[in-house]
Amino acid sequence: ISKFRICNELVVKCSTLDNQSSIFFARQAKAIAVKRNDKLEKSEALNNLGYALYYSGKSDSALLIFQQAIQLAREVGDSNNVIGAMNRLGFIYREKGDYPKALTYYNQALTSNVNEKNVSEAANSYLNIGVVYDDENDLKNALRYEEKGLALYKKTNEEAHIANVFARIGNVHMDMGDTSKALDDYEQSMALFSRNDNPRGV
């Protein structure tokens, strides 16, 4: 495994535990990519730097870095980093309460994900859109998009994600006053969490 790859993996591992180390490793990865004159690696490193900056509370700086990552990723035809950065931009704008911008970036992530080639990221985009609609109390659209995300995660058989989505859909059904469906969703979520020895639950 390369030093570049190790640095990028450490960015994610340190992001919620040691913000400064996360930023340090992201910058190390970027420096390696620049030295190699590798634009593909640089776009990935910038994406991870934005991720690290966000978790250190520097969301405005993260926004700028994600924009740079998208521009560079487009230059080299790296659709995965474009999609990932757009989903992260959407997340930051949602956290800021700017729902129109959040939806714009989430939908752009879906548009960039031609034919939902990256199934996990497409599922993530649908779920993120559902969360925004839930925040806006548009429960019908929240349910529609979260069910789209669930369908894609079922294709990849990612049970931990499926369990999470069932719990979220249960919350929407509960808010809609459909207790019976909500309980069914929660039961399916709990069964999957138990099967995967996951301590999380409803």
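So, the crossing of α2 and α3 is left-handed, meaning the near helix is turned anticlockwise from the far one by less than a right angle, with clockwise giving right-handed. Helices here are DSSP runs of H or I with at least four residues, numbered from the N terminus. Before I go on: this is a predicted model, where local features need pLDDT of at least 70, side-chain atom pairs count only at pLDDT 80 or more, and totals for chains, interfaces and linings use all residues. Residues are numbered from 1 along each chain as its sequence is written, and side-chain values use heavy atoms, with hydrogens and water left out.

Okay, back to the helices. α2 covers residues 19-36, and it packs against α3 at about 165°, axes 8 Å apart. The axes are lines fitted to C-alpha atoms over the stretch in contact, and angles run from 0 to 180 degrees between N-to-C directions.

Who makes the contact, meaning heavy atoms within 4.5 Å? On the α2 side there are, among them, Ile23, Ala26 and Ala33, and on the α3 side Glu41, Ala45 and Leu49 are included. By class, the residues of this contact come to eleven nonpolar, three polar and five charged.

Now, Glu41: buried or exposed? Glu41 is buried, at 14% relative accessible area; the cut-offs are under 20% for buried, over 50% for exposed and partly exposed in between, with a 1.4 Å probe and protein chains only. Leaving out residues up to four places away in sequence, Glu41 touches Phe4, Ala33 and Arg36. Its helix, α3, runs over residues 39-55.

Next, the rings. Tyr51, Tyr54, Tyr55 and Phe91 form one aromatic cluster. Rings of Phe, Tyr and Trp (its six-membered ring) pair if their centres lie within 6.5 Å, with planes under 30 degrees apart stacked, over 60 edge-to-face and the rest tilted. The count is seven aromatic pairs, and Tyr54 with Tyr55 is an edge-to-face one, 5.2 Å centre to centre and 80° between the planes. Tyr54 is buried at 19%, while Tyr55 is partly exposed at 35%.

Last one: the crossing of α6 and α7 is left-handed too.

Note on methods. Helices (H or I, at least four residues) and strands (E, at least two) are DSSP runs, numbered from the N terminus. Contact means heavy atoms within 4.5 Å. Ala, Val, Leu, Ile, Met, Phe, Trp, Tyr, Cys and Pro count as nonpolar, Asp, Glu, Lys and Arg as charged, and the others, Gly among them, as polar.
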